[in-house]
Amino acid sequence: MLSVRHSGAGRAFAHIAKFHPELTAFRRDLHAHPELGFEEVYTSSRVVEAMRLCGVDEVHAGIGKTGVVAIIRGKTNSSQKMIALRADMDALPLQEHNDVAWKSSNQGLMHACGHDGHTAMLVGAARYLAETRNFDGTAVLIFQPGEEGYAGARAMIQDGLFERFPAQAAFAIHNSPETEAGVIGITPGPMQAAVDRIEIIITGKGGHGARPQNCIDPILVAAHIITAAQSIASRNVAAVDQVVLSICSVQGGNPGAMSVVPGAVNLVGTVRTYRAEIQDLVEHRLRALCESIAAGFGAQATLIYERVYPATVNTLPEAQFASDVAASLVGESRVIRNMAPSMGGEDFSFMLQVVPGAYMRLGQGSVNGCFLHNSRYDFNDDVLPLGSAMHASLIEQAMPLAA
């Protein structure tokens, strides 16, 4: 059972604050060189270099293609425990519109979700832990590729991550522009939603727009399906079970051909849920609606339902422990112990299916008035020491030295 036996948090923060400028420079260098999932060659090399300079005990590269794992042993190991900390490294396919010295140098790519900051925070924790080693056990620092839709966490697990480094718990921190800088939020249970991709292929009979009676119009069918799909959340799912179903792409016909009814229409969208039972219900009802509505018009509809990421579900003891560690670091008034879950997805969920743990958010405030996945978003370097200290404090307090 994890418990907070003493607070080394203030000590960790003060220590890490001394090399805040170096962490900021490291973060900005990563920001200037963004890379997509499983292409983080430069990023991984910088992490490996940083780990060796920090003096960690082991560095393992190439796990899950471009993932890196660093091992730091405490002063003692009577507990025989391993605790894992995870940071994601990849960027997004987005053109940056900031005008800063560390602006992306890679056309069409940018760190618009703060993974550059997450990586820098874990590097800061590594340096502190390697220099002090005030814990009894082994710290496993996971620098993960491909969080943005590539399931990099799953790739690392399939590559033997937890067989090679059998952690008893795992923790991750994500920045939160919507939250005041310095506030740490967490909740027991679901923290992020499951991410599903849906594609609906509607096949009708094309023809002349002036003679629709000779056609089976897939655009008309698509319109009915789009409208009816929203009834799943309002009429099939209890109000306490949140569901988001969004159709985000409609492809059919040619804008240059105003009088041609197309033969097919494709719809693409996403479903977000927190519970597997609701996920199953949505898939079942959506398939039934698509097929029956299309049949009613003499068309056909095929649903392709892809479960991309499971829900990110914090285990209760680890969520409680992380909240207590946060309170020891920033004070109880700056900890949100029941933060509202997000409908966003997170592939740390795969790790939480293997080991207990918790995913939390670190408030950074809004930079440039922008939030995640915006072309003018930037990470707030002021919170780097706090994020590093939170990581380090989780290790020190999960595996305390004997009194």
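Leaving aside its neighbours within four places in sequence, which residues is His-97 in contact with?

Tutor: This is a predicted model, numbered from 1 along each chain as its sequence is written, in which local features need pLDDT of at least 70, side-chain atom pairs count only at pLDDT 80 or more, and totals for chains, interfaces and linings use all residues. Side-chain values use heavy atoms, without hydrogens or water.

Beyond its neighbours within four places, His-97 is in contact with Ser-375 and Arg-376. Contact means heavy atoms within 4.5 Å. His-97 sits in the loop between strand E3 (82-88) and H4. Helices (H or I, at least four residues) and strands (E, at least two) are DSSP runs, numbered from the N terminus. The relative accessibility of His-97 is 42%, so His-97 counts as partly exposed. The scale: buried is under 20% relative accessible area, exposed is over 50%, and partly exposed lies in between (1.4 Å probe, protein chains only). From His-97 to His-115 is 18 residues in sequence and 18 Å in space, C-alpha to C-alpha.

How far can the coordinates be trusted? pLDDT is the predictor's confidence in each residue, from 0 to 100. The protein chain averages 96, and 98% of its residues score at least 70. Confidence is lowest in helix H1 (residues 9-17), at a mean of 90, and highest in strand E4 (residues 138-144), at 99.

Next, another loop. Gly-37 lies between H2 and H3. At 4% relative accessibility, Gly-37 counts as buried. Leaving aside neighbours within four places in sequence, Gly-37 is in contact with Asp-90, Gly-146 and Tyr-150.

Rings of Phe, Tyr and Trp (its six-membered ring) pair if their centres lie within 6.5 Å; planes under 30 degrees apart count as stacked, over 60 as edge-to-face and the rest as tilted. By this rule there are four aromatic pairs. Phe-38 and Tyr-150 have ring centres 6.0 Å apart and planes at 80°, so this pair is edge-to-face. The pair links distant parts of the chain, 112 residues apart: Phe-38 is in the loop between helix H2 (20-32) and helix H3 (41-54), and Tyr-150 is in the loop between E4 and helix H5 (152-158). Tyr-150 is partly exposed, with a relative accessible area of 37%.

Phe-171 and Phe-321 form a tilted pair, 6.0 Å centre to centre with 50° between the planes. Phe-171 belongs to strand E5 (residues 169-176) and Phe-321 to helix H9 (residues 316-330), so the pair ties together parts 150 residues apart in sequence. Both Phe-171 and Phe-321 are buried.

Phe-171 leads on to the core. A nonpolar core is a set of buried Ala, Val, Leu, Ile, Met, Phe, Trp, Tyr and Cys residues joined through side-chain atoms within 4.5 Å. The largest has 62 residues; Met-51, Ile-72, Leu-141, Phe-143, Phe-171, Met-390 and Leu-394 touch the most other members. Helix H4 (residues 115-132) gives the most to this core, nine residues. Leaving aside neighbours within four places in sequence, Leu-141 has contacts that include Val-68, Ile-72, Leu-85 and Leu-122. A second, separate core of 27 residues includes Val-140, Val-195, Phe-350 and Val-355.
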